[in-house]
Amino acid sequence: MAERDLSRRRLLGAGALLGAAPLGAAAEVVSGGVRWRPDEAAFPAAADEAKSYTFFSRAEAGFIEAAVARMIPADELGGGAIEAGVPSFLDRQLAGEFGQGTRWYMQGPWAKGLPTQGWQSRMTPAQMYRAAIASIDKDTNHSFNAAFAKLEGPNQDAYLKRLENGGVSLETVDSEAFFTLFLQNVIEGFFCDPIHGGNRGMIGWKLIGFPGARYDKRDWVLAYGKPYDLPPVSIGGRPGWLAQKD
Amino acid sequence: MAQTLPKVDVVVIGFGWTGAIIAQELTDAGLNVLALERGIWRDTATDFSTTFAQDELRYRFRMELFQRPAHDTCTVRNDVSQTALPMRELGSFLPGSGVGGAGVHWNGQTWRYLPSDLTAKSHNIARYGKAALPPDMTIQDYGVTYAELEPYYDKFEYLCGISGQAGNIGGAIQPGGDPFEGPRTRGYPNPPLDMPWAPTLFGQAASSLGYHPFPQPAANMSRPYVNPLGVQLGPCTYCGFCEKFGCGNYSKSSAQTTILPVLLAKPNFTLKTSCEVLKINLAADGKTATGVTYIDAAGREYFQAADMVILAAYITHNVRLLLVSGIGKPYDPASGQGVIGKNYAYQIDSSVNVFYEDKILNPFVGAGALGMMISDFNGDNFDHSGLGFIGGGYIGVLQTGARPIETHPTPDGTPKWGGAWKKALAKNYLRTATVATQGAVMSYRGNYLDLDPTYRDAYGQPLLRMTFDFKDNEHKMSDYVTARAAEIAKAMGGREISVKARTGSWSVVPYQSTHNTGGAIMGTNPRESALNKYLQSWDVANLFVMGATAFPQQSGYNPTGTLAALAYLSAQAITTQYLKATGKPLVQA
């Protein structure tokens, strides 16, 4: 594991955070042919499956768990965002490079900009989640005398709808910008490869019939109308490959 | 102070498709070539393995293969009245970073432009009169004809092993191909890919309406292939992870899978990665490049002397390097004078979803260029009289993999989340076909590139500023083509359709296409263009600029086939003409 942690991918992230190596990886001379470099292979970093949150506070987790349960609910079709592990997926994403906006251009000057100019907040995604959740709970405490997580389901839906439409005026955050980011991340957590901590049991893929990381689908190209009958598979494997536990 | 490195014959800036092509050709001619790539080394076995390449979150949404805005981005605005602001995260387009460039994560849709695309100005004026062009439209002819380019299209298609069905061989129309294409000397090296159900339904519907469907020419292999360099590609397995991903199967043509095994073995070629060129250095006369200044990952600065400089980065970087190096006259939209930054263009797209009640389409069976298309409404393949626009676009069903974070087809009126969304997605995901259109964008006086006055990159150099919007001509054209797409979609016999037209101003937010063009265009004279027909700078004779940077406007087809053909044309001119009289213009101004 130590070797993997020291891969150039990790260094790339660390370098960018420190601002030390603008190009992110050591310069190198490549000549004399293409060589396989197994020690540098770009294996993905799997999410830590431990249960506790590393980014969200208890109050923040309360909002996240309540909101995602409304956004992708469990129903007769199967589990929803909670069962897929979306809250811990979000937690890991916000604690990592994505949450820090490592790849983003985050230099000023700052201006509100037009919708056609995209993200112009000086907040990173992690900062925006933190500020938005605090503002939302403050707002619902003021209007309904309760944190969002304590509202009735239909009231939560109505509030999320207002966030989506920019109908809530939050103290520090544009509610529409936050909701757009939040919804995108919830969908990522529901449909990503399970190695990232979401889509547990591949329930998102099973819901719609997506086979996951399978790479050879030649037998189905001309099989018009034939349902795909192999179970989905993750980059990390699938339950059928694991030793049975008594 | 920069350390000076021993002179090389040729230094290539950027190592994607065109950098690899030009390096391969010029090393064959015996020149010593050094390529400088600002990104990292990547190869199939190490970086795109099938044990982890199919990771939608990592590659599409965490953008691992793409340019990092933190390092370099551009600022964007729709017109000069707005203040340009940085593209802080990628959206509308996704430039590549690293060896292979955007050619690593492309779909493989490999087109030739129509003969009339290359003469867009003279052709449209001849057919429709000068009044057909709005006063602020600044389209030009390429200065090179389809007939001149044909051998180089052919060369690229055989390098790649394109899978397709020819439509016109030497003037003879071929059944099942695109009857509108320019004449080709021979057919594609490989037969078309096997066609799944949804594109097949599109082809049947298009035929029933009298159109001419054909398989999308694909850089995805329909069978094992050995290219003319002796490099071997494997058959595509339709895994559905082409677009925005590297191919783990050696089945999608890229610099890695077609050129690098040969090029990197040559003693007269060297590649340096994580080395970013900051400027092209000029001699005191301002007419000769002496080499380039670059910085490595440790922050050390070098001057690399060279007899010839090939600028082969993505178009935004090409134009910015020309501007910061003081090469050519910057374009001024107020006067219309100047050439660097002029005629920036793009593409305009739309889509129509067809929802079936009972057809299981398995949309995850895919490849980047797997589909059935029609060219009946592209370019000037249809009579534009009375339509109020010029140009056109393709219409087709491309089945590229329907990866689920990105693809959730639901009928009109479905909410974007909640139980109703979940049910609608579960019902429709396997039963939806998407008819896509991709249309031309003409060039205009007010659409251009220059240096931003405010924002800087990681090295303190100005960012490129992009001033761009869709104009009336493009909206009218796209609406017309979208309406034809909707007619075909209806004829496909589903339960219902949903039309997603492109409305309003260009936005940097939603992904559209990485088909940015122009900014240092080719043409017939230095007053109107930055480059001659051989991609040689009019101002600096030992500088050649590759890529879609040279396109005077963008057609309705994907650009890779044409920019690769132009690179081969340029290489041929360099090796057969320029080397006999180095430092001299190949075309007299």
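Biologist: How many bridges join strand S2 (residues 33–36) of chain B to S10(B), and do the two run parallel or antiparallel?
Modeller: Four bridges join them, and the two strands run parallel; in S10(B), Phe269(B) is the bridge partner of Val33(B). Strands are said to pair here if DSSP finds at least two bridges between them, and the elements are DSSP runs numbered from the N terminus, with at least four residues of H or I for a helix and at least two of E for a strand. Please keep in mind that this is a predicted model, in which local features need pLDDT of at least 70 and side-chain atom pairs count only at pLDDT 80 or more, while totals for chains, interfaces and linings use all residues. Residues are numbered from 1 along each chain as its sequence is written, and chains are lettered from A and ligands numbered from 1 in the order in which they are written.

Biologist: And which strand of chain A pairs with S10(B)?
Modeller: That is strand S1 (residues 28–30) of chain A, which pairs with S10(B) in the antiparallel sense over three bridges. Within that pairing, Lys272(B) in S10(B) is the bridge partner of Val29(A).

Biologist: Is S10(B) mostly covered or mostly open?
Modeller: S10(B) is mostly covered, since four of its five residues are buried. Buried here stands for 20 or more other C-beta atoms within 10 Å of the residue's own, exposed for 12 or fewer, and partly exposed for anything in between, with C-beta atoms placed from the backbone.

Biologist: Zooming out, how many residues of chain B are in contact with chain A?
Modeller: The count is 81 residues of chain B in contact with 72 residues of chain A, where contact requires C-beta atoms, placed from the backbone, to lie within 7 Å. The elements of chain B that give two or more residues to this side include strand S10 (269–273), strand S11 (275–282), helix H10 (419–428) and strand S19 (448–456). The residues on that side of chain B divide into 41 nonpolar, 22 polar and 18 charged, with Ala, Val, Leu, Ile, Met, Phe, Trp, Tyr, Cys and Pro counted as nonpolar, Asp, Glu, Lys and Arg as charged, and the others, Gly among them, as polar.

Biologist: You mentioned S19(B); what is the order of the open sheet of four strands in chain B?
Modeller: The order is S4-S3-S20-S19, with mixed pairing, and S4 and S19 of chain B are the edge strands, each pairing on one side only. S19(B) and strand S20 (residues 462–467) of chain B run antiparallel and are joined by five bridges, with Met466(B) in S20(B) as the bridge partner of Leu449(B).

Biologist: Which helix packs on the sheet?
Modeller: Helix H9 (residues 315–325) of chain B does, touching strand S3 (74–77), S19 and S20 of chain B, and its direction makes about 120° with that of S20(B). Axes are lines fitted to C-alpha atoms, for helices over the stretch in contact, and angles run from 0 to 180 degrees between N-to-C directions.

Biologist: Changing topic, at what angle do H1(B) and H12(B) pack?
Modeller: Helix H1 (residues 17–28) and helix H12 (residues 560–576) of chain B pack at an angle of about 25°, with their axes 9 Å apart. That makes H1(B) roughly parallel to H12(B), a label for angles under 35 degrees, whereas over 145 is roughly antiparallel, 65 to 115 roughly perpendicular and the rest oblique. The residues of this contact divide into ten nonpolar, three polar and one charged; among those in H1(B) are Trp17(B), Ile21(B) and Glu25(B).

Biologist: Back to chain A: which peptide bond is cis, with omega near 0°?
Modeller: The bond from Gly108(A) to Pro109(A) is cis, and Pro109(A) has its place in the loop between helix H5 (97–100) and helix H6 (125–144) of chain A.

Biologist: What about phi at Asn199(A) and Met202(A)?
Modeller: Asn199(A) has a positive phi of about 50°, and phi of Met202(A) is near 60°, although neither is a glycine. Most residues other than glycine have a negative phi. Asn199(A) is found in the loop between helix H8 (175–191) and helix H9 (203–208) of chain A, and Met202(A) also lies between H8 and H9.

Biologist: Why does Asn199(A) count as buried?
Modeller: Asn199(A) counts as buried because it has 30 C-beta neighbours inside 10 Å, and Met202(A) counts as buried with 21.

Key
Contact = placed C-beta atoms within 7 Å.
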